[in-house]
Amino acid sequence: MTNEDILKALSNVQEPDLGKDLVTLNMVKDINIDGDKVSFTIVLTTPACPMKDMMRMASENAVKLLVNKNAIVTVNFTANTSSNRKDAKTVLTGVKNIIAVVSGKGGVGKSTVSANLALALSAGGAKVGLMDADIYGPSQHIMFGIRGERPLMKDDGEGKGMIVPIEKFGIKIMSIGLLIDEKQAVVWRGPMVSSAIRQFVSDVDWGELDYLVIDMPPGTGDIHLTIVQTVPVTGVIVVTTPQLVALADAKKGVAMFGQGQLKVPVIGLVENMSYFTPAELPDNKYYIFGKDGGKNLADEFELSFLGQIPIVQSIREGGDAGIPAMLSDDTISKKAFMDFAGHAVRGIAMRNANMAPTQIQEIVTP
């Protein structure tokens, strides 16, 4: 076996999302051959890639079928998270991808989705931060069990003080709930809120991140405009529930980010509280808020449908206890969030590769 033999064989293995082979995409490195033993590394577009096992199996089969049937193949993985940022010298210079999680109305579980998305990305090996941009109703400090904690300050080396986000469960977290007495209401006018958001961007030491998840407030207001005008948002994830009232407001969220002056790509739509599954009957699904409303809305707007999150008691309990569902023993919830996160990062990787939205929808929609 030679390096050329291995590369020729791997040129028959396609990256499932990007539609080109591993060799053309320059994703193969560190080939090492010792007798019948061969090892190499595949460089993924994200450490949270959900297609690792598929690529591993396809690569092993290619070498055995096309090079040496007795080969002992070891496939290693590393990642160089893709990014389409062209403004690395402005804000959040160490952040490769910025995901805004939005909803047209409150009460659809946007913060729960944001928290567990961040944890699911981290579980895949990515470096993740979570910014709670809901100034009037912060909740991430509660969901991560860091109520009452206060972030520290550090010098950036040029005399400027920087806020150090609190790290919990491997996630860097910043929320107004960490800076104020939670018994007091935040009674601020729009300019003050916008100023606070800009500080979360420019005065917080986020460091090097593969993904920064921004938990946005509900609706379509000042904070949304401030974020998209201040931060190079990679894309938006819209959260809805199946019933018509929520879907009507979700449409407004989709429409907002499609406006000419904003023009932020919508990564896709996720449906929360899709069905109720009792713990004692894990195979049963009860569609108490209606069925497939989110999927139909995604089809209407030609958006990628990123998945369905069930109503499970442990999701609510975990959020209240400061231990989100992704860290629980509830396999149903964890699988739903992992599948959702997998579809989201595939959509991001394909957008970073400048694939057309229609192509992304075809690949990502479950």
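**Helix packing and buried spots: a short briefing**

Helix α7 (residues 244-258) packs against helix α8 (residues 293-300) at an angle of about 30°, and their axes lie 10 Å apart. Please keep in mind that this is a predicted model. Angles under 35 degrees count as roughly parallel, so α7 and α8 are roughly parallel to each other.

**The α7 and α8 pair**

- The crossing in which α7 passes α8 is right-handed.
- On the α7 side, L247, A250 and K251 make the contact, while α8 contributes G293, G294, L297 and E300.

**Helix α3**

- Helix α3 covers residues 110-123, which is 14 residues.
- From its first C-alpha to its last, α3 reaches 20 Å, close to the 20 Å expected at 1.5 Å a residue.
- Of the 14 residues of α3, 13 are buried, so this helix is largely enclosed by the rest of the structure.
- After α3 comes G125, which has a positive phi, near 105°.

**H141 in helix α4**

- You will find H141 in helix α4, which spans residues 140-143.
- H141 has a relative accessible area of 3%; because buried means under 20%, H141 counts as buried.
- Leaving aside neighbours within four places in sequence, H141 is in contact with I146, R147, S175, G177, L178 and E182.

Note on methods
Residues numbered from 1 in each chain as written. Predicted model: local features only at pLDDT ≥ 70, side-chain atom pairs only at ≥ 80, totals over all residues. Heavy atoms only, no water. Axes fitted to C-alpha atoms, helices over the stretch in contact; angles between N-to-C directions. Helix = DSSP H or I, 4+ residues; strand = E, 2+ residues; numbered from the N terminus. Parallel < 35°, antiparallel > 145°, perpendicular 65-115°, else oblique. Left-handed = near helix turned anticlockwise from the far one by under 90°. Contact = heavy atoms within 4.5 Å. Buried < 20%, exposed > 50% of the residue type's maximum accessible area, 1.4 Å probe, protein only. Expected span 1.5 Å × (residues − 1).
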